[in-house]
Amino acid sequence: MSIGVNCTQITATECDFTAASPSAGFPMDFNVTLRLRAELGALHSAWVTMPWFQHYRNVTVGPPENIEVTPGEGSLIIRFSSPFDIADTSTAFFWYHVHYWEKGGIQQVKGPFRSNSISLDNLKPFRVYCLQVQAQLLWNKSNILRLGHLSNTSCYETMADASTELQQVILISVGTFSLLSVVAGACFFLVLKYRGLIKYWFHTPPSIPLQIEEYLKDPTQPILEALDKDSSPKDDVWDSVSIISFPEKEQDDVLQTL
């Protein structure tokens, strides 16, 4: 009772024997026995002796603390701290296990690890994985294992690796090219099917001759007479005359035929 903890003459019904540091308080491998009695003024009860215990043998191991998860390229990097500090790691230390599963999938366990930094590799990209971390205390002196509690479940989405990013670029390029090809083919088919209608839409509407337009503006002008005069028949005029001649032999043949 004199090693760093004072639980005498207290009014509370509980006492915390946890020392401020591993070097203070009860040594972790000691057999510890406690006696308890109640006092009221000059009156006191009989002593009650508690069953002996050893820290490493009877300790309740909690889950790892300060868990941080960093999503990577098809991986999850997990960092955490131990449930409590161990002064002499040659006598006792922690193993760690990671329980993980793809959301809605089957749970897997990876471990044991001595390190406080664990990497889950070969995971599927762009998938949500959930995980729990568990500590296990190994006491070398008595070869005792104390399995700890699981941490709370947390879920994270993995990132794409280099091969997945390349596949995405290829798929996007092929998809874009295919879409453009389909659109171009559809446009070409529509042009062939409705070319008459398209030609009608883009055809320049016929214009009224200038003389008719002037007549419509002013019917008193003698435009129609001028048009009739311009359209009157005229003698045929030739700019040149061609003379066709035959060779003498061919000419005789023609005459005989006649």
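Partly exposed describes a residue whose relative accessible area falls between the buried class, under 20%, and the exposed class, over 50%. By that scale Glu-102 is partly exposed in this predicted model, because its relative accessible area is 22%.

**View 1. Glu-102 and Lys-124 form a salt bridge.** The closest N and O atoms of Lys-124 and Glu-102 are 3.8 Å apart. Lys-124 lies in the loop between β9 (117-120) and β10 (128-139), whereas Glu-102 belongs to strand β7 (residues 92-102), so the pair ties together parts that are 22 residues apart in sequence. Lys-124 is partly exposed, with a relative accessible area of 42%.

**View 2. Glu-102 also forms a salt bridge with Arg-127.** Here the closest N and O atoms are 2.8 Å apart. Arg-127 is in the loop between β9 and β10 and Glu-102 in strand β7, so this contact ties together parts that are 25 residues apart in sequence. Arg-127 counts as partly exposed, at 34% relative accessibility. Through shared partners, the salt bridges join Glu-102, Lys-124 and Arg-127 into one network.

**View 3. Arg-37 and Glu-39 meet in a salt bridge.** The N to O distance between the two side chains is 3.1 Å. Glu-39 counts as partly exposed at 47% relative accessibility. Arg-37 is likewise partly exposed, its relative accessible area being 29%. A search of the whole structure finds 3 salt bridges, and the contact between Glu-39 and Arg-37 is one of them.

**View 4. Strands β5 and β6 form a hairpin.** Strand β5 (residues 65-72) and strand β6 (residues 75-81) run antiparallel and are joined by 6 bridges. Thr-70 stands opposite Ile-77 of β6. There are 2 residues between the strands of the hairpin. In the turn, Gly-74 has a positive phi of about 65°.

**View 5. Strand β6 pairs with strand β9.** The pairing is in the antiparallel sense and extends over 4 bridges. Ile-78 has Ile-118 in β9 as its bridge partner. Strand β6 is also the strand joined to β5 by 6 bridges.

Notes: Residues numbered from 1 in each chain as written. Predicted model: local features only at pLDDT ≥ 70, side-chain atom pairs only at ≥ 80, totals over all residues. Heavy atoms only, no water. Salt bridge = Lys/Arg side-chain N within 4 Å of Asp/Glu carboxyl O. Buried < 20%, exposed > 50% of the residue type's maximum accessible area, 1.4 Å probe, protein only. Pairing = 2+ DSSP bridges.
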